[in-house]
Structure formats: C-alpha cells, structure tokens
Amino acid sequence: MPHYRAELHVHTVLSACAGIEMIPPIIIETVQKLGINLIAITDHNSGANAKSVMDAAKGTGVSVLPGMELETAEEVHALCLFDTLEQLQCLQNIVDTHLPPMQNNEDFFGSQLIVDKHGNFLVKEDRMLLTSTSISIQKACELVTEMGGLFIPAHVNREANGLFSHLGTIPPDLSTDIFEISRHITRETAFARYPELKNFHVIQNGDVHYLDGFLGAVELDLQTFSVKAIADYIAQNY
Ligand SMILES: [Zn+2]
Ligand SMILES: [Zn+2]
C-alpha cells in the first residue's frame with residue numbers, strides 16, 4: 001500500500017506572510033529532500049497558486065492537493081482541501097464574494113504574488129487576503145463538505161485565528177471531526193489543555209511559511225488516493 005509522509009498546510013508567495021522563496025519549484029525540491037511526498041497548498045483565502053505547484057510536482061513523485069486556508073467570519077482559520085482544482089474554484093467563487101473590498105497594504109503585510117510553475121511572477125493580488133470572510137465556520141464546513149472537500153480547523157490551539165481562542169469550544173453543530181494543532185505544542189499538552197479534542201482526530205502540520213517549516217508529521221497508508229481516503233485514514237489512526 002503506498003505510504004505518504006504529508007504536510008497538509010503549506011503557504012506560497014501568495015500569502016503575504018510567507019517567504020519570497022515559497023515558489024513551486026523550490027517547495028517541491030525541498031519536500032523531496034525531506035522525504036515528504038504529499039503536500040496541500042493552503043494560501044489565505046485563495047487557491048490561485050495551487051495549479052502552479054501541482055504542475056511543478058508532475059513527474060516528481062510528490063502529490064499536491066489543491067486547497068486554501070479560509071478565514072471564517074469568526075476569524076478562525078480552517079484548511080479546505082480538495083481533490084480537484086474545479087472543486088477549489090467553486091469555493092473560490094464563494095470566498096471572492098465574501099471578502100471585504102479592502103486593498104492589501106503591501107508595505108505592512110508584504111506582497112501577494114501569483115506565479116507560474118517555474119516561480120515566475122504572473123500577477124500581483126491587490127485584494128487583502130489576510131482577513132476574515134463573512135462566511136461562518138459552520139457554513140464554511142458545510143460548503144466544503146458538500147463540495148467533496150475536507151474541512152480541518154487549523155492550529156486550533158493558537159491565540160491568533162485558532163478555534164479555541166475565538167470560540168471557546170468546538171461548536172456542537174460543526175460537521176467535521178479532524179482538527180489541526182500547531183507545531184508549537186505536543187499532542188499531550190493539547191489534549192491536557194483542550195480535553196474535548198480527545199473526542200476527535202488530531203493532526204499536526206507545520207503551517208509552512210518558510211522552507212524550514214516542514215514537519216511531515218502526518219503519515220498515511222492509502223489504498224486509493226483521495227481526500228476521502230485521507231480523511232478515513234486519519235479517522236482510523238489519529
Ligand atoms: Zn492560519
Ligand atoms: Zn497557515
């Protein structure tokens with residue numbers, strides 16, 4: 001059965017807070033060196049660089065899931081992972097109409113760059129992506145799940161944009177059972193601090209903004225390759 005070492009939370013130069021080196025060929029080269037063969041591209045409120053990373057990965061043995069890190073109306077971050085770019089685009093269309101009409105302050109936040117598979121600059125994204133949409137966490141989870149995607153509240157233990165600091169507790173009507181903790185906490189500490197997490201499946205990612213941020217802590221054995229198969233494996237093993 002194919003074995004995957006995964007990093008399911010990776011930013012590119014489209015995220016204002018990510019390093020300028022986070023371009024498709026360098027990301028792929030770096031994960032290959034680290035023995036990571038599955039990544040998800042999760043820029044803030046946008047999937048515009050996902051295709052370029054998928055293209056850069058062709059023939060390398062690295063699988064790339066298209067995704068985004070959505071910021072909900074409650075300012076909670078959540079990974080939205082898909083099998084296809086078409087599914088991601090469906091979510092993008094909704095996100096685009098739920099982002100505030102604000103311009104990115106490049107000097108303060110950094111630039112948001114859309115690049116091709118070689119990392120060449122194509123377009124600068126001028127809208128401010130690093131902000132909350134007007135989609136509630138429940139609605140976002142519903143939408144992503146209906147589209148066949150995987151919805152994973154991100155770095156739930158973190159003060160900034162983490163579920164617990166913003167909502168206090170896991171909403172009972174939230175229809176997901178996989179949660180991500182940040183790299184800065186152990187599983188044991190997370191379970192001690194947030195006992196309700198014990199009722200769910202918990203994974204840890206690097207929330208990679210720079211090349212030294214890869215953890216590769218999610219290991220999966222998958223008979224078939226899909227986000228559904230990934231969710232099932234996590235549900236049984238984490
Ligand atoms: Zn985040
Ligand atoms: Zn992130």
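**Close-up views of a predicted model**

View 1. Helices (H or I, at least four residues) and strands (E, at least two) are DSSP runs, numbered from the N terminus. This is a predicted model, so local features need pLDDT of at least 70 and side-chain atom pairs count only at pLDDT 80 or more, while totals for chains, interfaces and linings use all residues. Residues are numbered from 1 along each chain as its sequence is written, with chains lettered from A and ligands numbered from 1 in the order in which they are written.

**View 2. Leu-81 and its contacts.** Setting aside residues up to four places away in sequence, Leu-81 touches Leu-8, Ala-40, Leu-65, Gly-67, Gly-149, Leu-150 and Val-227. Contact means C-beta atoms, placed from the backbone, within 7 Å.

**View 3. Helix α1 against helix α2.** Residues 24-34 (α1) pack on residues 50-57 (α2) at an angle of about 50°, with the axes 9 Å apart. Axes are lines fitted to C-alpha atoms, for helices over the stretch in contact, and angles run from 0 to 180 degrees between N-to-C directions. That makes α1 and α2 oblique to each other (under 35 degrees is roughly parallel, over 145 roughly antiparallel, 65 to 115 roughly perpendicular, and the rest oblique). From α1, Pro-24, Pro-25, Ile-27 and Ile-28 meet Ser-52, Val-53, Ala-56 and Ala-57 of α2.

**View 4. Gln-204 in strand β9.** Gln-204 sits in β9 and is buried, with 21 other C-beta atoms within 10 Å. Buried takes 20 or more such atoms, exposed 12 or fewer, and partly exposed lies in between, with C-beta atoms placed from the backbone. Ile-181 is 23 residues away from Gln-204 in sequence, yet their C-alpha atoms are 5.1 Å apart. Beyond its neighbours within four places in sequence, Gln-204 contacts Glu-180, Ile-181, Arg-183, Arg-187, Leu-215 and Ala-217.

**View 5. Two non-glycine residues with positive phi.** Asn-161 has a phi of about 65° and lies in the loop between β7 (150-153) and α6 (163-167). With 22 C-beta neighbours inside 10 Å, Asn-161 counts as buried. Asp-207 has a phi near 45°, in the loop between β9 (201-204) and β10 (218-221). Asp-207 is buried too, with 23 C-beta neighbours inside 10 Å.

Note on methods:
Contact = placed C-beta atoms within 7 Å.
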